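Below is a short note for a colleague who has not looked at this model before. The points can be read in order, with the structure open alongside.

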Amino acid sequence: PVCPWAEGVSEEGGSPPTKRPRRGRNAENRPQLASNEKRLCSKIASGLECPFGEKCRFMHSIDDYLASKPADLDGPCVQFRLMGECGAGFKCRFLKDHYDSEKKQLIVNEEVKAEYTANPSSSTWSVDRDVPFALGRHRFKFPLSAKLCTWLGQSKAAREGGNKVLDTVETPLGEVTLPVEARSKKPVDFSDKSYLAPLTTVGNLPFRRLCKGFGVDITCGEMAMATQLLNGKSSEWALLKRHSSEDLFGVQLAGGYPNSMSQIMEVFQNDNLNADFIDINCGCPLDAVYTKKAGCALIAHPTALRDILLTMNPLSSLPITVKIRMGIREQSPVLHEFLPYLGKWGAAVVTVHGRSRMQRYSKRADYDYLTQCSKLSPIPFIPNGDIYSWEEANQRKAETGCSTLMIGRAGLIKPWLFTEMKEQRYWDISASERLDMVKRFCDYGLEHWGSDSYGVEQVRYYFLNWHSFACRYVPIGMLERLPEQINWRPPTKFHGRNETETLLASRSVDDWVKISEMFLGPVKEDFSFTPKHRSEAY
């Protein structure tokens, strides 16, 4: 019998339906193997024995694989030098650094390996790696979440009987009786710090690690959708990874419904989430998030945000923070209407981007409105938007009365801004220092994503997305006046103080690719790239 939903297949047979095309601005340019490279079994690649034997669907002949593999890249293998052995094994693009061609075997530096094992410095999963697997097979139960959501529904149903406890956004947490005992919260100090904003795609672990080297205090993982986490999607759980250098780290969740948000909170607490705080995204302007009643949709429906906080807060032993915008439309900001109640609902800190959803990243952030909101907020208030120099940071702190600022796009354009803010000085960084920074990012990326062909292309993909912002930097030594502003544009035909500086400031994707080839080798002939984020525009 013919499958009734298989399009393109007739009753007489025929070819199966084609695979649904991938979506996204870089659907055809995501990291992938070279066209002539064959797939080697991961066990064989690491010098181990494959448990599937002849039934394994991957290649087992190392000689045949090496014959089809692209030429090795120059330079040392980051993983081998750090860990004493390379996780990619024979698939490593820097194989000649740890391969004995005479004995045809991988080299292991036992001394370095033992030292790394004793003092690891790497990324770690925020939960046990078995958790996504169990969630994908629906092996988790959520008794506490079910109790809270049932209580929430009953409380709402009681309105008709005259119970108005949950009828308005003003409801404080202390005026309701919860069906579960609230957990005590881990104390976290957010004062007098710099905070790197959670940035989708570009705020990946290697970039956060780079910013830690420049002195940022607080980091937060990329936005993860609660429903995807509950489905056990491993790529979504990977967004919650934390590096050992991130001493004050949070994870950011997006969701529009109390049941899914409280369920993922129950998973976190049962498995002891490796983080210091949990942030709720109420500021993502993307339609794909907004239509799911998450992100900025929670600004338009503050009672939904209240319900989410009321169900998440009792289950969390970590403080819950909120990142939000001032409203949906620039002409009618609404945050001030319910901001005074966030603390009563259970939020510990609120971070506010001084733009509306419809503005996205256009025009300037409204610091007059942020100052007004900071005076209304009963909990620590962190302003965000357009801070591009240490002088401007001092000015915004004085205006709003806040000691901590969140840095977003400015951190992508000039990650050394965190150093400038700490040392209260301008850094006229040279082109060679910026190239060294790119090299560090690539090394961190190879350590994180791997040094095989797929890992190298992953690093290139994320570097190009980052550089779509970084190319906007104009050296302060060439400016007529300071402080510089984030929306200043360089001349169309900009020439730096040397060829490297001119190359780094180019807005041409071809030039970005040339920079990536300095550290990651040549690209395929048909390679092309389009920046994912429209926020990289002026």
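This is a predicted model: local features need pLDDT of at least 70, side-chain atom pairs count only at pLDDT 80 or more; totals for chains, interfaces and linings use all residues.

**Notes on the model**

1. The place of histidine 138 is in the loop between helix 5 (130–136) and helix 6 (143–157). Its phi is near 55°, a positive value in a residue other than glycine. At 65% relative accessibility, histidine 138 counts as exposed, because the cut-off for that class is over 50%.

2. Lysine 104 sits in the loop between strand 1 (99–100) and strand 2 (105–106).

3. For the overall picture, the protein has 23 helices and 12 strands. Of its 538 residues, 52% are buried. Among contacts with a separation of 6 or more, 71% are between residues 24 or more positions apart.

4. Arginine 57 is in the loop between helix 1 (42–45) and helix 2 (62–68), and arginine 57 is exposed, with a relative accessible area of 71%. Proline 483 lies in the loop between helix 21 and helix 22 (499–504). The peptide bond leading from leucine 482 into proline 483 is cis, with omega near 0°.

5. Which residues of helix 13 are buried? The buried residues are Pro302, Leu305, Arg306, Asp307, Ile308, Leu309, Leu310, Thr311 and Met312. The list includes Arg306 and Asp307, which count as charged by residue class.

6. Serine 374 belongs to helix 16 (residues 367–376). At 13% relative accessibility, serine 374 counts as buried, since the limit is under 20%. Leaving out residues up to four places away in sequence, serine 374 touches Phe381, Thr400 and Cys402.

7. Helix 20 (residues 431–449) packs against helix 21: their axes come within 9 Å and cross at roughly 140°. The crossing is right-handed. From helix 20, the residues in contact are Arg434, Met437, Val438, Phe441, Cys442, Gly445, Leu446 and Trp449; from helix 21 they are Gly455, Val456, Gln458, Val459, Tyr462, Phe463, Trp466 and Ala470. By class, this contact has 12 nonpolar, 3 polar and 1 charged residues.

8. Helix 21 (residues 453–470) also meets helix 23 (residues 509–520), with axes that come within 10 Å and cross at roughly 140°. Helix 21 and helix 23 are therefore oblique to each other, and their crossing is right-handed. On the helix 21 side the contact is made by Val456, Val459, Arg460, Phe463, Leu464, His467 and Ser468, and on the helix 23 side by Trp512, Val513, Ile515, Ser516, Glu517 and Leu520. These residues divide into 8 nonpolar, 3 polar and 2 charged.

9. Phenylalanine 463, in helix 21, has a part in both of these contacts. Is phenylalanine 463 buried or exposed? At 0% relative accessibility, phenylalanine 463 counts as buried. Beyond its neighbours within four places in sequence, phenylalanine 463 is in contact with Val438, Phe441, Trp512, Ile515 and Ser516. Phenylalanine 463 and tryptophan 512 are 49 residues apart in sequence, and their C-alpha atoms are 8.9 Å apart. Ring pairs also link Phe463 with Phe207, Phe441 and Trp466 into a cluster.

10. Aromatic pairs come to 15 in the count. One of them joins tryptophan 237 and phenylalanine 268, edge-to-face, at 6.1 Å centre to centre and 85° between the planes. This pair links distant parts of the chain: tryptophan 237 is in helix 9 (residues 234–237) and phenylalanine 268 is in helix 10 (residues 258–270), 31 residues apart. Tryptophan 237 counts as buried at 1% relative accessibility, and phenylalanine 268 is buried with a relative accessible area of 0%.

How values were computed:
Residues are numbered from 1 along each chain as its sequence is written. Side-chain values use heavy atoms; hydrogens and water are left out. Axes are lines fitted to C-alpha atoms, for helices over the stretch in contact, and angles run from 0 to 180 degrees between N-to-C directions. Helices (H or I, at least four residues) and strands (E, at least two) are DSSP runs, numbered from the N terminus. Angles under 35 degrees count as roughly parallel, over 145 as roughly antiparallel, 65 to 115 as roughly perpendicular and the rest as oblique. A crossing is left-handed if the near helix is turned anticlockwise from the far one by less than a right angle, and right-handed if clockwise. Contact means heavy atoms within 4.5 Å. Buried means under 20% relative accessible area, exposed over 50%, partly exposed in between (1.4 Å probe, protein chains only). Rings of Phe, Tyr and Trp (its six-membered ring) pair if their centres lie within 6.5 Å; planes under 30 degrees apart count as stacked, over 60 as edge-to-face and the rest as tilted.
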